[in-house]
Amino acid sequence: MTKFVKGNEAVVIGALYAGCDVYFGYPITPASEIAHAAAQWFPAVGREFLQAECETASINMVYGAAAAGRLAMTASSGPGMSLMQEGLSYMAGAELPGVVVDIMRSGPGLGNVFPEQSDYNQAVKGGGHGNYRCVVLAPASVQEMCDLTVKAFSMSFAYRTPALLLADGLLGQMMETLRLPEGELPRPETRTWAVEGTAETRRNLITSIFLDVQTQEAHNLRLQAKYAVMERESYCETYQCEDAEVLLVGYGISSRIARTAVEALRAGGVRAGLFRPVSLSPFPAEALCACAAGRRVLVVEHSVGQFRDDVLFHLAREGRRYQEVGLVNRLGGIIVTVGEVVEAARRVLGS
Amino acid sequence: MLQKRTSGMYESFVRSGRETHATHYCAGCGHGIIHKIVAEALAEMGLQDRTIMVNPIGCSVFGYYYWDCGNIGAAHGRAQAVATAINRTLRDAIVIAYQGDGDLAAIGFNNTFQAASRGEHMAVFFANNAIYGMTGGQMAPTSLAGMRTMTSPAGRDPGHEGYPMRVCEVLNQLKAPVYIERVSVADTPRIMRARRAVRKALEIQREGKGYAFVEFISPCPTSVGMDPVRASRFCMEEMEREFPLGCLRDHSEEALPRAPRASAPTVPQFFGQEADIETAAPAPDPAFRERRLKFAGFGGQGVMSLGVCVAEAARMERRFTTWFPSYGPEQRGGAAACSVVVAGQAIGSPAVDRPDVLVCMSLPAYERFVGLVAPGGTVVVDDSVPCRVAAPAGVRVVALPATRLATSLGAPKAANTLMLAALGRLEVTGLSRGSLLRALDASFRNKPALAEKNRALFAEAEAWIDAHPWGAQSE
């Protein structure tokens, strides 16, 4: 069964198939269709939808529902995501699962509503206070807006840390054919830790305060050990890499443009390939290094090298140098054209 | 009475990190008393298993050391947002938000106000001691005029810091709350009244009737710099002048318990009905040449739905397709545009930088996009648009009287249907006439009368093009 939907709508379909109990959110362009679809479809299947008074309320509602062992989500963009960072830190500190969808727009400040990827650092490095990590997944199609929302819920519950779906205005607004998921996710076991208003869960406690410095350090180290296990579950996709002389690296919408650029380059006699991280946290570092070995690298992104910094960081471990990794990007809501990528790839090869 | 142990509290407060029977509160602090009367009520009403207490930030951040019920710690100010979520997802839980004056009335006031306004099913216990305790005696929203604090060292000056906030009175302006009362724990008779208020608020929760708010005037000897006896007297004499005790509202008799949820289909059942079942997933066909189309005009001319219609037709032929709109203020400001890609394999970029086909229904759209059309491409433009800007070499321009024809046929809003027919007749989409027509029908699936009319318009446009095989075209 298929449905022709916007990326933003596909997110809601994925959430419902994942078993999401409740959606909390505050409107913001270009993420609002997620709230529109949720307002329609959550109640239609007996789930809860509530428009929150602000994004700080949204994320703290997600926190509350998660603390009560429910599957909860919210979605926002730019300024709203910034407002949610404290709440995400609390969720990570209290080890609560939940899904937050970021339909990135151009910043800083009010910026505009057109696509950018400039929330990369905020999402991937943990944008709030403290040493924590979120799961960050980066869809590149309407299908993945749905499928990776499902995945975000399962990873978030597996590691008990918030999961972000990092998309952008273009992915949110575009329509493609969506194959509906085969079935619903099984309900995760929550009774061992959540406070669900039952005798069984009455002595469970959700908090992130550890006044004693030793205990707080131990808590931090335990979180880091958990993230180290999580690190093994990274995902990526490659396209035409086998014989590539130049490797394009991009995530999300940038990878879609890069894919067309690979075809254009090959049509012009340049053997190009594409490496696309599907999970940004955990980052598929080993796969990237293996794929990039012996090849020129060109990063395609819609931010000022935030993503390239991570690519460089991982490649540096293999002894690759800064100069070997090119960057093609646009800002402000302008989409990099295939022509610009092709030209940059030729430059990288020529240098 | 208050020395007696209650089973609503843990026997030993080991959650504090050690075996102790003493709370962490200072001598004479009101929190311990409020904790105890809440715990007593929970135990006596048999609610401990069902209760989820949302602990705030402030001195009572460690409420979970004491209350033997479910406990969740919230971020500063967010207790009622957290409690809202619990109430919305656990219908059988008794939800309590316990907050101090900074948490509830300063950083979290909007969450308080909104939860009260929505009539969330929760009991809110608000400890008002007119000062920030945990952070070291700073001014609270409820600090009295003239009160010296760490951040109002000369005394609170209402002209500079504003007046103390009367939260009960503010919430009493709202329609939804069921019960609002201000009590005090400054002496035994007052504590007895406070006990009754706590029970009332919890009964309202047990019966599922709505939002109950109890404010406790509570002494903080340490931060107001008084001994416990004087601090209690300060509560009774100074604070009660600003914050009069009493019940501001009790609608508990009239309030109705909330209705149970209606039954609903499962997710697969629901989307099974919603899905476009007749359309299978796209099938790869590498021989099919990719088409990139752009549709542009003013809002209201139907350029967005025209794009969707072409994409739907592509889906019917099991092509890969993407549709991407202009959006945001641009859309609302009048200009409208969308991009459609039709392909025989997975599509890379959904953005159309160099269209093969450009459909223009306005002058600004034509002037903005015509120069981008790829060699060998086609521009279909409404003939009301003066094409002063030349198309690039090798690009065919077809001027179609779409708006005029549609208007003369009594359907001025259907110019986009004529454009669709033109795309079919000019054979630029790689899609069959049948699919375009079926997609057109599908777009009016809820308006059969309009479907009929649009089919007729489609045929009219085809006839016009057939009658003007070259006249309307230029290169």
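Buried here means under 20% relative accessible area, exposed means over 50%, and partly exposed is in between (1.4 Å probe, protein chains only). This is a predicted model, in which local features need pLDDT of at least 70 and side-chain atom pairs count only at pLDDT 80 or more, while totals for chains, interfaces and linings use all residues. Residues are numbered from 1 along each chain as its sequence is written, chains are lettered from A in the order in which they are written, and side-chain values use heavy atoms, with hydrogens and water left out.

Let's start where the chains meet. With contact taken as heavy atoms within 4.5 Å, chain A brings 66 residues and chain B brings 71 residues. Together they bury about 5,800 Å², 64% of it on carbon and sulfur atoms; that area is the accessible area (1.4 Å probe) lost on putting the two parts together, summed over both. On the chain A side, A:F4, A:E53 and A:R202 lose the most area to chain B, together 12% of what that side buries.

Now for the charges. A salt bridge needs a side-chain nitrogen of Lys or Arg within 4 Å of a carboxyl oxygen of Asp or Glu. The whole structure has 45 of these over all chains, and six salt bridges run between chain A and chain B. Here are some examples:

| Pair | Closest N to O |
|---|---|
| A:R202 and B:D68 | 2.9 Å |
| B:R404 and B:D383 | 2.4 Å |
| B:D466 and B:R425 | 2.7 Å |

Helices and strands are DSSP runs, numbered from the N terminus (H or I, at least four residues, for helices; E, at least two, for strands). A:E343 and A:R347 sit four residues apart in helix α13 (residues 338-350) of chain A, so about one helical turn separates them. A:R347 counts as exposed, at 54% relative accessibility.

B:D466, in helix α17 (residues 448-467) of chain B, and B:R425, in helix α15 (residues 415-425) of chain B, are 41 residues apart. B:D466 is partly exposed at 44% relative accessibility, and B:R425 is partly exposed too, with a relative accessible area of 34%.

What about helix α12 (residues 306-316) of chain A? Eight of its 11 residues are buried, so the rest of the structure largely encloses it. Among the buried ones are A:F307, A:V311 and A:L315.
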